[in-house]
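Hello,

Here is the structure I promised to pass on. Please have a look, and then read my notes below.

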Amino acid sequence: MRRHRLHLLGSLLLVAAAGVLTSGAAPQPAGRPASAGPRPLGQVIPAPASVTPGGAPYRITGGTRIHVGGSREAHRIGEYLADLLRPSTGYRLPVTEEGAGGIRLRLAQGPYGTEGYRLDSGRGGVTITAARPAGLFHGVQTLRQLLPAAVERDTVQPGPWLVAGGTVRDTPRYPWRGAMLDVSRHFFTVDEVKRYVDRLALYKFNKLHLHLSDDQGWRIAIDSWPRLTAHGGSTEVGGGPGGFYTKDDYREIVRYAAARHLEVVPETDMPGHTNAALASYAGLNCDGVAPPLYTGTAVGFSSLCAGKEITYDFADDVIRELAALTPGRHLHIGGDEAHSTSHADYQAFMDRVQPIVARYGKTVVGWHQLTGATPAEGALAQYWGLDGTGAEEKERVAKAARNGTGIILSPADRIYLDMKYDRTTPLGLSWAGYVEVKRSYDWDPGAYLPGVPADAVRGVEAPLWTETLENSAHLDHMAFPRLPGVAELGWSPAATHDWEAYRTRLAAQGPRWDALGIGYHRSPQVDWPAG
């Protein structure tokens, strides 16, 4: 039921939206011309926790410098910011260790947590302060969104480059703000993944979940089982050539994401969704016979053989090699739609495999069907059910949450980005219903699942399955404009959550996406600026 898709179009991510007062987002007119003055402070997505506007704006000029003190991390973020601003402004924007005025990136102790920041703007300059580099980076995204949309263009634009005066104080609501990209159904190159990472970074996402294996393709090199990619990675949905990541490819994705303060969470789905592996190694099948490669979109027909020791040798090798490549804390083992695995075998499989993850220093993440077994201590369960999913299944998840399992919310009829917007959408699927922008945004993760303690909710994640998506343009069209709303659900305080205010801020994103070359869905629920 969960994974089926159609086709999608182009987009990126960047932002500017409506005014915010001390703890929320008040709407401002979309399409405000740069000549009318600076964007209101807080006109960003996700909505900041607190905004206090006031004072003269700061103007970026040819004399502006980016000051980073003696911190190597602040210097890296300063260079990132300079690289963003130089093409459109035409200014040199040198990154220096010392100096006054201009743009200052400052690491200092304070009430910011690991990802929060403070942005102060006035006539003399802009200062972003954070306790950790991730907070500085997120503050840079806020600064970026406060500038005119033309700042995203790769040719010199006229400006002016004004930043409204005042103070933003901001920390995230949840520690898990993720997006999943399925590279198994259709393969996406390293550069295509990087392009998606850049869209995520703009909206302060901090997790990139890569779905690396499924029935249609195995996409990560495992040295001890080379046929997984040589054979299992040789095709994709529809019979295309497929592809896979070498270990160096994967390291490059991890490096690029880390530079944008996203943790890569790799997933090798098991015991179901494993036809690519079963086709590559006959011994993983209970009958010892390898099935043919699969290029369709059905689910639930494949299973590793839970009763054979080779299955656990396989799982150990895959997890060991993947854990060694992955500096992040989490490793996703899938676990959903194992319809060809008996309940007893599923339980036995999870009892054997979860300790392997811990052995290699990682925390287990699994789809919420993991709660039908016994989740490991500290495990996270990713809920992908619907509003209308049965009470018994929801209670099973809630019981696990009450017993210490963390919950990541990915309800399919809310934030599965491959669901069609409406019946006319040329891409995507509709098995979970049509999901327009308001439906995707207008719910509260903290109160979504009955019986789940608020402190068990770790955050949200927007999956993008690709049975029907073949290129970056398809990804963009299905992700935008829904992806920024998921970011706001994960970052912003519940008190800021207001559809009418949000839709106005969202409309103001349109010119920025145009500047970035994002071909987004022009939802009729949003009053997009003309042109």
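Which residues in helix 13 meet which residues in helix 14? Pro484, Gly485 and Glu488 in helix 13 meet Tyr502, Arg505 and Leu506 in helix 14, where contact means heavy atoms within 4.5 Å. These residues divide into three nonpolar, one polar and two charged.

Before going on, note that this is a predicted model, in which local features need pLDDT of at least 70, side-chain atom pairs count only at pLDDT 80 or more, and totals for chains, interfaces and linings use all residues. Residues are numbered from 1 along each chain as its sequence is written, and side-chain values use heavy atoms, with hydrogens and water left out.

Helices here are DSSP runs (H or I, at least four residues), numbered from the N terminus. Setting aside residues up to four places away in sequence, Tyr245 touches Phe187, Val193 and Leu212, among others.

Finally, Leu85 sits in helix 1 (residues 72-89). Leu85 counts as buried because its relative accessibility is 2%; buried means under 20% relative accessible area, exposed over 50%, and partly exposed in between (1.4 Å probe, protein chains only). Beyond its neighbours within four places in sequence, Leu85 has contacts including Ile60, Leu93 and Val151.

Best wishes

Key: Helices (H or I, at least four residues) and strands (E, at least two) are DSSP runs, numbered from the N terminus. Ala, Val, Leu, Ile, Met, Phe, Trp, Tyr, Cys and Pro count as nonpolar, Asp, Glu, Lys and Arg as charged, and the others, Gly among them, as polar.
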